[in-house]
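Here is a quick walk through one model, with a look at a few helix contacts and some strand pairing. Have the structure open as you read.

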Amino acid sequence: MEWLLVHKKLLEWYAQHGRKKLPWRTTEDPYHIYLSEVMLQQTQVKTVLERYYFPFLKKFPSLTALAHAELDEVLKMWEGLGYYTRAKNLHKTAKLTAPRLPNTYDELLKLPGIGKNTASAICAFAYKQERAVMEANVKRIICRLHAFKAPKEEVLIEIAHQMLDRKNPFDYNQAMMDIGSMVCTVRNPQCNLCPFSKNCKAYKENYFQYPEKKRKIVPTRKVNILVRHFNNKFYLQQREGRFLHGLWGFEEVDGIINDAEFLVDVEQKYTHFKLEAKVYLLQEEAYEDYFSLDEINQLALSGVDKKILGYL
Ligand code: SF4
């Protein structure tokens, strides 16, 4: 492939269509860039932009402010984004590195929750280093260019490294991510708008199922949830196990409690399973540690508990 020509076309495409105004692209602050990378790992740009990025930075404007925060406060600002391990790792990393993230790939990789892609993105975007970012959109482009069905990670990294525009790593990486999410989409690639069309095997073959999708069978977990209440106050507990650790929620119980009244069926999808919950209400005696609805709104709740709250 003639990389100089491709780089030229890529930069032209980015200048015309790229999302250059995204707030994490107009800053060089490593913390802001790191935060956006972590939020965007499992969440769409629109959601991050409209609901999470700015409120989080308002509450924790610097790595130092984040390092000094309580985990509960951090989880509250993350509420609804899911994959809460991300928030906990962000908090741990802030404690380990404030006031500033390290500026080398190897040092970044040692930090909690920072993998190869996030480390590359911080190096390329905050420190303008020659690093190729390898998120899902970029992987899809490379697989289609080469008609790879299930390539090894090392092969993709090697190719991404060869493709990198070393003179413009920032714009190159941003352009690749934008083309992956706006042009070379999973279901409907717009090859006629793509700077790679002349070099792309998938386009030549008119076959876009690269890379092959692995079928995931997601098991269902059925639970009973009991909402104990008295006088418009409700009992919640803070989770201690690995799953949703640190978030507050209503009580999970083994069997159906006598006198409990059925409230609603609630479903929630998680990465590894689907949760189906039957929710019951139980009128109790007064307890000091019950929470009012206002107080509950201050706590960080999981998705399923948030849904239940909507029925109370
Ligand atoms: S030509 Fe089509 S399939 Fe190939 S990289 Fe571009 S958009 Fe994707």
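## Strands and helix contacts

Leu226 stands opposite Tyr280 in β7. Keep in mind that this is a predicted model.

With strand β5 (residues 251–253) the pairing is antiparallel, over 3 bridges, and here Ile225 sits opposite Glu252. With strand β2 (residues 233–234) the pairing is again antiparallel, over 2 bridges; Phe230 has Lys233 as its bridge partner there. β1 and β2 make a hairpin with 2 residues between them, and Asn231 in that turn has a positive phi of about 50°.

Here is the β1 pairing at a glance:

| Partner of β1 | Sense | Bridges |
|---|---|---|
| β5 (residues 251–253) | antiparallel | 3 bridges |
| β2 (residues 233–234) | antiparallel | 2 bridges |

Now for the helices. Two packed helices are described by the angle between their axes and the distance between the axes. Take α1 and helix α11 (residues 169–182): their axes come within 9 Å and cross at roughly 70°. Since angles of 65 to 115 degrees count as roughly perpendicular, that is the word for α1 against α11. On the α1 side the contact involves His7, Leu10, Leu11, Trp13, Tyr14 and His17, and among their α11 counterparts are Tyr172, Met176, Asp178 and Met182. By type, the residues of this contact split into 9 nonpolar, 3 polar and 2 charged.

Beyond its neighbours within four places in sequence, Gly18 touches Trp13 and Asp178. Gly18 and Met177 are 159 residues apart in sequence, yet their C-alpha atoms are 9.4 Å apart in space.

The other helix pair is α5 (residues 71–78) with α6 (residues 85–97), packed at about 135° with axes 10 Å apart. That angle makes α5 and α6 oblique to each other, and α5 passes α6 in a right-handed crossing. Leu71, Val74, Leu75 and Trp78 in α5 meet a set in α6 that includes Arg86, Leu90 and His91.

Conventions. Residues numbered from 1 in each chain as written. Predicted model: local features only at pLDDT ≥ 70, side-chain atom pairs only at ≥ 80, totals over all residues. Heavy atoms only, no water. Contact = heavy atoms within 4.5 Å. Axes fitted to C-alpha atoms, helices over the stretch in contact; angles between N-to-C directions. Helix = DSSP H or I, 4+ residues; strand = E, 2+ residues; numbered from the N terminus. Parallel < 35°, antiparallel > 145°, perpendicular 65-115°, else oblique. Left-handed = near helix turned anticlockwise from the far one by under 90°. Nonpolar A, V, L, I, M, F, W, Y, C, P; charged D, E, K, R; others polar. Pairing = 2+ DSSP bridges.
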